[in-house]
Amino acid sequence: AGLSPDFDAFAACGLFPSARNLYEHQKNSILDVALHKKHLVVTTGTGSGKTECFMLPMIESLVRESALWSSPNRPRAVRALLRYPLNALAEDQMVRLQRALDSVDTPDGPGARSWLAQHRSDRFYFGRYNGLAPVSGPESSPNKRAELKRRLSMMDRNWARAQASAASRRDQATTQDEARRAEEILNYFQNPEGSEMWSRWDMQSHAPDILITNYS
């Protein structure tokens, strides 16, 4: 259809299963935005795939542009802004972005992380900038630096516990579907080595490709 030739392979790594067909409104959305540069409003019922209507063209744009990056020193900039009225909606979106941009290899196929390592010079970074993002205030404050260190240490501990839980469930799984669900636990926790940017100071100094925030 004129989209990036790499997009279908990358999308199958976590964004959109290759065996699933697009709904008509999803197909129209990616063609109208990616090819015809139109604005759009999507109004459909719950569970009808509205998220894909902006995720597909947004990530197609990243895949297309990143083919021109020559090194990890590529331009850092906010390339997409996702703005939500409630933090709870943003939380749900973080899980989708982790699956789409930072997934690991599974028995079903390669994850986004290994695909990017093989085909691109850098990852796609995303960050949630709202009241939950540590920490507000100037970096020069010793108290603020101590608070960030404490929060990052907590993230490390939570990730370690999530990995242990996923490994235990995976070892006890009797079917491939159960093993897959065990791995999905990790999508609900920040990976210290992943593509999600967590600190406000990091996002201020090195803009994420996708910034998730709210209207305030």
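Look at strand β4 to get your bearings: Ile-210, Ile-212 and Asn-214 point one way from it, Leu-211 and Thr-213 point the other way, and all are buried. Buried here means under 20% relative accessible area, exposed means over 50%, and partly exposed is in between (1.4 Å probe, protein chains only). Keep in mind that this is a predicted model, where local features need pLDDT of at least 70, side-chain atom pairs count only at pLDDT 80 or more, and totals for chains, interfaces and linings use all residues. Residues are numbered from 1 along each chain as its sequence is written, and side-chain values use heavy atoms, with hydrogens and water left out.

- Helices (H or I, at least four residues) and strands (E, at least two) are DSSP runs, numbered from the N terminus.
- Strand β1 (residues 80-84) pairs with β4 in the parallel sense over five bridges; two strands pair if DSSP finds at least two bridges between them.
- Along that pairing, Ala-80 stands opposite Ile-210 in β4.
- Strand β2 (residues 126-128) also runs parallel to β4, and three bridges join the two.
- Here Arg-128 is the residue opposite Ile-212 in β4.

**The largest pocket**

- About 970 Å³ of space lies in the largest pocket.
- A pocket is an open set of points on a 1 Å grid over the protein atoms alone, where a 1.4 Å probe fits, with protein on both sides within 12 Å along at least five of seven lines; lining residues have an atom within 4 Å of a point.
- Grid points are joined across faces, edges and corners, and the volume is the space filled by probe spheres set on the points.
- Of the 36 residues that line this pocket, Cys-13, Gly-14, Arg-99, Ser-103 and Thr-106 are the closest to its centre.
- Helices α4 (87-101), α6 (142-172) and α7 (176-184) each supply at least two residues of the lining.
- The lining divides into twelve nonpolar, twelve polar and twelve charged residues.

**Salt bridges**

- The count comes to eleven salt bridges, each being a side-chain nitrogen of Lys or Arg within 4 Å of a carboxyl oxygen of Asp or Glu.
- One of them joins Asp-6 to Arg-120, with the closest N and O atoms 2.9 Å apart.
- Asp-6 sits in the segment before α1 (7-11) and Arg-120 in the loop between α5 (112-119) and β2, so the pair ties together parts that are 114 residues apart in sequence.
- Asp-6 is partly exposed at 27% relative accessibility, while Arg-120 is buried at 11%.
- Asp-122 and Arg-74 meet in another salt bridge (3.2 Å, N to O).
- Asp-122 lies in the loop between α5 and β2 and Arg-74 in the loop between α3 (50-66) and β1, so this pair links parts that are 48 residues apart in sequence.
- Asp-122 is buried, with a relative accessible area of 12%, and Arg-74 is buried at 5%.
- Both belong to a network of salt bridges that links Glu-65, Arg-74, Arg-79, Asp-122 and Asp-209.
- Within helix α6, Arg-150 and Glu-147 are three residues apart, separated by about one helical turn, and they form a salt bridge with the closest N and O atoms 2.9 Å apart.

Technical notes. Ala, Val, Leu, Ile, Met, Phe, Trp, Tyr, Cys and Pro count as nonpolar, Asp, Glu, Lys and Arg as charged, and the others, Gly among them, as polar.
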